[in-house]
Amino acid sequence: MTPPRVVVVSDSHFSDRTPEAGRNWATVVRYVEVSEPDLVVHVGDVSIDGARVPDELGLARRQLDLLGRPWAAVPGNHDVGDNPGHGVVSDEDVTSERLARWGDAIGSDRWAVELGAWRLVGVDAQLFGSGLPEEDHQWSFLEQTLRVPRRTVLVTHKALTAGEAELATAPPESLHPVAGA
């Protein structure tokens with residue numbers, strides 16, 4: 001059995017304001033056409049500012065569809081906003097409305113794909129610590145998806161660990177353990 005082939009891309013930053021993004025993406029599309037991977041995974045920031053300019057998410061979707069291969073994407077901070085600061089509200093924060101726009105344009109912000117002996121699990125790193133209802137749904141998704149042991153690749157836009165200074169300010173209730181982990 002041939003092992004699955006996956007192409008990983010990130011930070012395409014699509015926008016009408018970033019013509020270089022289109023030129024870069026044309027190279028990605030050509031590579032995908034030649035290499036014929038089983039899956040293309042985009043690990044976030046498909047748009048330059050989809051969090052505030054929803055049309056950029058539509059543009060990103062059209063570009064992803066040019067791949068001509070199965071693809072999956074998780075959002076980044078440019079797409080849905082960023083994790084909230086502890087006790088500080090910002091117009092940069094992830095919101096339910098921004099998540100809904102992502103869902104309408106791109107699809108779910110969390111997913112699991114089975115490829116041969118492997119399971120790829122994509123999650124929305126921007127949700128962690130947000131306190132949004134979608135964060136609880138994501139934790140439930142992870143608990144359910146990871147219940148059955150299997151070789152698993154976790155796909156996120158950013159690292160799950162933080163520096164010492166950031167960890168020192170995190171409220172304990174924002175650090176949810178995954179069942180069975």
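Predicted model: local features only at pLDDT ≥ 70, side-chain atom pairs only at ≥ 80, totals over all residues.
**The overall picture**

- The protein has six helices and six strands; helices (H or I, at least four residues) and strands (E, at least two) are DSSP runs, numbered from the N terminus.
- Reading from the N terminus, the order of elements is β-α-β-α-β-α-α-β-β-α-β-α.
- Of the 181 residues, 42% count as buried, where buried means under 20% relative accessible area, exposed over 50% and partly exposed in between (1.4 Å probe, protein chains only).
- Among contacts (heavy atoms within 4.5 Å) between residues at least 6 apart in sequence, 75% join residues at least 24 apart.

**Strands side by side**

- E1 and E2 pair in the parallel sense over four bridges; two strands pair if DSSP finds at least two bridges between them.
- Within this pairing, Val7 stands opposite Val40 in E2.
- In a regular strand the side chains alternate between the two faces of the sheet.
- E2 is covered on both faces, with Leu39 and Val41 buried on one side and Val40 and His42 buried on the other.
- Strand E4 (residues 111-115) and E5 run antiparallel and are joined by five bridges, with Glu114 opposite Arg119 in E5.
- E4 and E5 make a hairpin with two residues between them, and Gly116 in the turn has a positive phi of about 60°.

**Nonpolar cores**

- The largest nonpolar core has 23 residues, and Trp25, Leu67, Trp102 and Ile106 have the most contacts inside it; such a core is a set of buried Ala, Val, Leu, Ile, Met, Phe, Trp, Tyr and Cys residues joined through side-chain atoms within 4.5 Å.
- At least two residues of this core come from each of E1, H1, helix H2 (55-65) and helix H4 (96-105).
- Apart from this core lies another, of nine residues, among them Val41, Val43, Leu115 and Leu120.
- Leaving aside neighbours within four places in sequence, Trp25 is in contact with Val9, Ser12, Phe14, His42, Gln63, Leu64 and Leu67.

**Aromatic rings**

- A search of the whole structure finds two aromatic pairs; rings of Phe, Tyr and Trp (its six-membered ring) pair if their centres lie within 6.5 Å, with planes under 30 degrees apart counted as stacked, over 60 as edge-to-face and the rest as tilted.
- Phe14 and Trp25 form an edge-to-face pair, 5.2 Å centre to centre with 85° between the planes.
- Phe14 lies in the loop between E1 and H1 and Trp25 in helix H1, so this pair ties together parts that are eleven residues apart in sequence.
- Both Phe14 and Trp25 are buried.
- Phe128 and Trp139 have ring centres 5.3 Å apart and planes at 50°, so their pair is tilted.
- Phe128 is in the loop between strand E5 (118-122) and helix H5 (133-145), and Trp139 is in helix H5, eleven residues apart.
- Trp139 counts as buried because its relative accessibility is 13%.

**Residues in loops**

- Gly50 counts as buried because its relative accessibility is 1%.
- The C-alpha atoms of Gly50 and Gly76 are separated by 9.6 Å, although these residues are 26 apart along the chain.
- Beyond four places in sequence, Gly50 is in contact with Glu56, Leu57, His78, Asp79 and Arg101.
- His157 is found in the loop between strand E6 (151-155) and helix H6 (164-169), and His157 is buried, with a relative accessible area of 18%.
- His157 and Val43 are 114 residues apart in sequence and 5.1 Å apart in space, C-alpha to C-alpha.

Definitions and conventions. Residues numbered from 1 in each chain as written. Heavy atoms only, no water.
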